[in-house]
Amino acid sequence: MPLYRALRRMPNPRLTGLGSGLFAAAVMFVLACLLRLLFGGSLVAYGVLFLPVSALTALWVRPADLVTAPVAVPIAFAAGVLPISGGTDGFGGQFMGLLTSLALHAGWLYGGTLVAGVIVTVRKVKLMNRRRQQRQWQQRQRRGGQLRPPGGPAQRRVPAS
């Protein structure tokens, strides 16, 4: 129960599709810069930190934009790995360092994308079930059935005076 209460107190922002992508890319870039300063650019630590960022991105995207989270997360991984990719001088060297880093640490990339995909899928299934229950409740109301909506007590529409 204490863990559940702590999780309920955490912020619950609802980001748009673009906002979730910008959030993930900005956080991963800042984390990569910090890792470069503190640990010399550890790609394993970057990959480990990528997993919770992927989960938060999938949790904080709004329901209308759920499909964007698994797309934005790999882009954020690639954008963030730039400071620690370890390329040589020049554009070509930096680009080859980026491609090498992405190829060697694709497991972290796939893992974070999988985490985001699973979270988004579970959220979508729950949303579809909730909508189905609301439709069923509305149909029962039309036929004079159930008095309260599913999931809670009856709501007052007129404020008490």
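Student: Why is Ser101 called buried?
Tutor: Ser101 has 4% relative accessibility, and buried means under 20% relative accessible area, exposed over 50% and partly exposed in between, with a 1.4 Å probe and protein chains only. Ser101 therefore counts as buried. The model is predicted: local features need pLDDT of at least 70, side-chain atom pairs count only at pLDDT 80 or more, and totals for chains, interfaces and linings use all residues. Residues are numbered from 1 along each chain as its sequence is written, and side-chain values use heavy atoms, with hydrogens and water left out.

Student: Where does Ser101 lie, and which residues does Ser101 touch?
Tutor: Ser101 lies in helix α5 (residues 90-104); helices (H or I, at least four residues) and strands (E, at least two) are DSSP runs, numbered from the N terminus. Leaving aside residues up to four places away in sequence, Ser101 touches Leu43, Val81 and Ser85, where contact means heavy atoms within 4.5 Å.

Student: How many helices and strands does the protein chain have?
Tutor: The protein chain has six helices and zero strands, in the pattern α-α-α-α-α-α along the sequence. Of its 161 residues, 29% count as buried.

Student: Why are α3 and α4 called roughly antiparallel?
Tutor: Their packing angle is about 150°, and their axes are 10 Å apart. Axes are lines fitted to C-alpha atoms, for helices over the stretch in contact, and angles run from 0 to 180 degrees between N-to-C directions. Angles under 35 degrees count as roughly parallel, over 145 as roughly antiparallel, 65 to 115 as roughly perpendicular and the rest as oblique; α3 and α4 are therefore roughly antiparallel to each other. The contact involves Tyr46, Phe50, Ser54, Thr57 and Ala58 of α3 with Ala69, Val73, Ala76, Phe77 and Gly80 of α4.

Student: What makes α4 roughly antiparallel to α6?
Tutor: Helix α4 (residues 69-80) packs against helix α6 (residues 106-142) at about 155°, with the axes 8 Å apart. This angle makes α4 roughly antiparallel to α6. On the α4 side, Ala69, Pro70, Val73, Pro74 and Phe77 meet residues of α6, including Trp108 and Leu109.

Student: Why is the pair of Phe23 and Trp60 called tilted?
Tutor: The structure holds four aromatic pairs. Rings of Phe, Tyr and Trp (its six-membered ring) pair if their centres lie within 6.5 Å; planes under 30 degrees apart count as stacked, over 60 as edge-to-face and the rest as tilted. The ring centres of Phe23 and Trp60 are 5.5 Å apart and the planes are at 50°, so this pair is tilted. The pair links distant parts of the chain, 37 residues apart, with Phe23 in helix α2 (residues 17-39) and Trp60 in helix α3 (residues 43-60).

Student: Are Phe23 and Trp60 buried or partly exposed?
Tutor: Phe23, at 23% relative accessibility, counts as partly exposed, whereas Trp60, at 13%, counts as buried.

Student: What kind of aromatic pair do Tyr46 and Phe77 form?
Tutor: Tyr46 and Phe77 form a tilted pair, 5.1 Å centre to centre and 55° between the planes. Tyr46 is buried with a relative accessible area of 0%, and Phe77 is buried with 1%. Ring pairs link Tyr46, Phe50 and Phe77 into a cluster.
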